[in-house]
Amino acid sequence: AKFTNNGLEIDGLSDIRQRLIDKANLRFSPLLAGQTLSTDDSGVIGRFLSILSEELSLHEEVLQSVVSSIDINQASGLALDKLVELGGLYRLPASPATTNLMLYGNIGTTVSSGASARSTKTGDIFYTDDPVTFNTNNAVGVEVELTVNGSVQEYTINYSVNSKFSQNAPITVFSLTTDDKNSLAKRISQTVNSQTSDLIATVTTEDNVIIKSENNVDQSVWSVTGSLNIIRSYHLVAATSATSGTVAQDANTITSINSGSVIGWLGVTNPFSSDASLPVETDEQLRYRFRLNKGYDQYGNYAAMYASLVSVIGVQFINIQQNITSVSNGSRTNQGISIVVLGGNGQEIAN
């Protein structure tokens with residue numbers, strides 16, 4: 001083996017054996033009296049050279065492994081771990097999956113963080129990251145109970161989406177003297193569905209009206225007037241899988257409450273599909289992250305933020321959008337950024 005301008009060069013088994021044969025012929029030639037030295041496997045010397053060349057070949061291969069272990073582009077496993085640790089990076093371990101759960105329950109009920117729900121399809125269990133109190137603030141939807149008294153009466157539903165600056169117009173319905181609870185509930189539901197595309201309303205078997213954000217995301221402040229009463233609400237909460245071996249989840253399959261009985265917590269689902277948990281970071285992924293951290297100018301905001309976020313355990317996707325102009329552009333303020341991150345712990349991402 002030798003180092004050249006092209007790096008380490010090692011001999012193969014056949015080259016090593018031939019070199020030994022040449023040396024044997026040179027050393028034994030004075031003793032052969034013109035005869036030819038037998039170096040094939042039929043003779044003792046040939047067999048000895050075969051054994052020796054195999055051992056020398058293994059030594060050459062070990063040397064190649066040693067050299068590769070100190071090259072960031074060739075090292076693997078533990079050797080790669082030690083190299084990137086010199087740059088302050090560590091291989092990301094397997095991480096659990098994350099999803100959003102929609103909890104449903106009676107107004108005033110609190111579900112503590114760490115409450116669990118189970119997928120009826122895969123059996124995977126997810127734990128809520130934060131507590132949820134069912135109320136009319138920050139609710140994705142509400143269930144409204146109504147009363148009919150046989151007279152003409154005004155019923156009003158007000159909602160204000162937290163992420164929108166504009167105020168939504170109240171939804172107003174008048175009852176008829178001939179209305180019963182079912183007919184009035186249907187009229188309220190039809191009015192909601194016809195007046196706005198942001199909401200979707202349905203009538204329950206108890207003739208209550210469920211009104212929810214159409215996209216299952218928008219959180220609103222809700223209020224009602226007339227003979228209406230908000231009795232239940234829907235709230236989104238982030239949740240983390242119990243293990244790092246969780247498979248992908250289809251939407252509306254995490255529907256079983258798995259915690260001990262919480263009086264007033266009535267239902268759960270996952271309105272969106274979610275990805276599987278992440279395995280241990282591969283060698284190639286670790287090399288890529290090392291290049292991000294060491295190859296970019298860390299004084300550049302975009303590169304520095306991307307390199308930091310991709311190092312958070314559980315992060316699967318990052319999208320950073322910049323607005324370097326002096327004019328606001330949609331969700332991005334002037335001279336500002338908006339960042340979308342899928343997976344990972346929210347507090348670690350914020351830090």
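## Val152 and the loop between E8 and E9

In this predicted model, Val152 belongs to the loop that links strand E8 (141–146) with strand E9 (154–161). Val152 counts as exposed because its relative accessibility is 57%, above the 50% cut-off. Beyond its neighbours within four places in sequence, Val152 is in contact with Ser175 and Thr177. Its C-alpha atom is separated by 54 Å from that of Ala276, which lies 124 residues away along the chain.

## The sheet E10-E9-E13

Strand E9 also takes part in an open sheet of 3 strands, ordered E10-E9-E13, with antiparallel pairing. Strand E10 and strand E13 (220–225) are the edge strands, each pairing on one side only. On average, neighbouring strands of this sheet are turned by 10° against each other, direction ignored.

The antiparallel pairing of E9 with E10 runs over 4 bridges, and Ile157 stands opposite Ile171 of E10. Helix H4 packs on the sheet and touches both E9 and E10. The direction of H4 makes about 145° with that of E10.

## The hairpin E11–E12

Strands E11 and E12 form a hairpin, with 5 residues between them. Within the turn, Asp207 has a positive phi of about 65°. The two strands pair in the antiparallel sense over 5 bridges, and Leu199 is placed opposite Ser213 in E12.

In soluble globular proteins, nonpolar side chains tend to be buried together. Here the largest nonpolar core has 21 residues, and those with the most contacts inside it are Ile188, Val192, Ile211 and Trp222. Two or more residues of this core come from each of E8, E9, strand E10 (171–174), H4, E11, strand E12 (209–213) and E14. A second, separate core of 14 residues includes Val111, Phe126, Phe134 and Ile254.

Ile211 illustrates the contacts made around the 21-residue core. Leaving aside neighbours within four places in sequence, Ile211 is in contact with Gly141, Val142, Val144, Ile157, Val192, Leu199, Ile200, Ala201 and Trp222. Among these partners, Val192 and Trp222 are also listed with Ile211 as residues with the most contacts inside the core.

## Thr196 between H4 and E11

Thr196 lies in the loop that leads from helix H4 (181–195) to strand E11 (199–203). Thr196 counts as buried because its relative accessibility is 13%, under the 20% cut-off.

The side chain of Thr196 takes part in a polar contact of 3.4 Å with the side chain of Tyr159. A polar atom of the Thr196 side chain also lies 3.0 Å from the backbone nitrogen of Asp198. Apart from neighbours within four places in sequence, Thr196 is in contact with Tyr159 and Ile171. Ile171 is the residue of E10 that stands opposite Ile157.

## Asp250 between E14 and E15

Asp250 is located in the loop between strand E14 (228–241) and strand E15 (254–257).

When neighbours within four places in sequence are set aside, the residues in contact with Asp250 are Lys121, Asn270 and Ser273. Between the C-alpha atoms of Asp250 and Ser274 there is a separation of 6.7 Å, although the two residues are 24 residues apart along the chain.

Terms used
Residues numbered from 1 in each chain as written. Predicted model: local features only at pLDDT ≥ 70, side-chain atom pairs only at ≥ 80, totals over all residues. Heavy atoms only, no water. Buried < 20%, exposed > 50% of the residue type's maximum accessible area, 1.4 Å probe, protein only. Polar contact = N/O pair within 3.5 Å; in protein donor to acceptor, adjacent residues only side chain to side chain. Contact = heavy atoms within 4.5 Å. Core = buried A, V, L, I, M, F, W, Y, C linked by side-chain atoms within 4.5 Å. Pairing = 2+ DSSP bridges. Axes fitted to C-alpha atoms, helices over the stretch in contact; angles between N-to-C directions.
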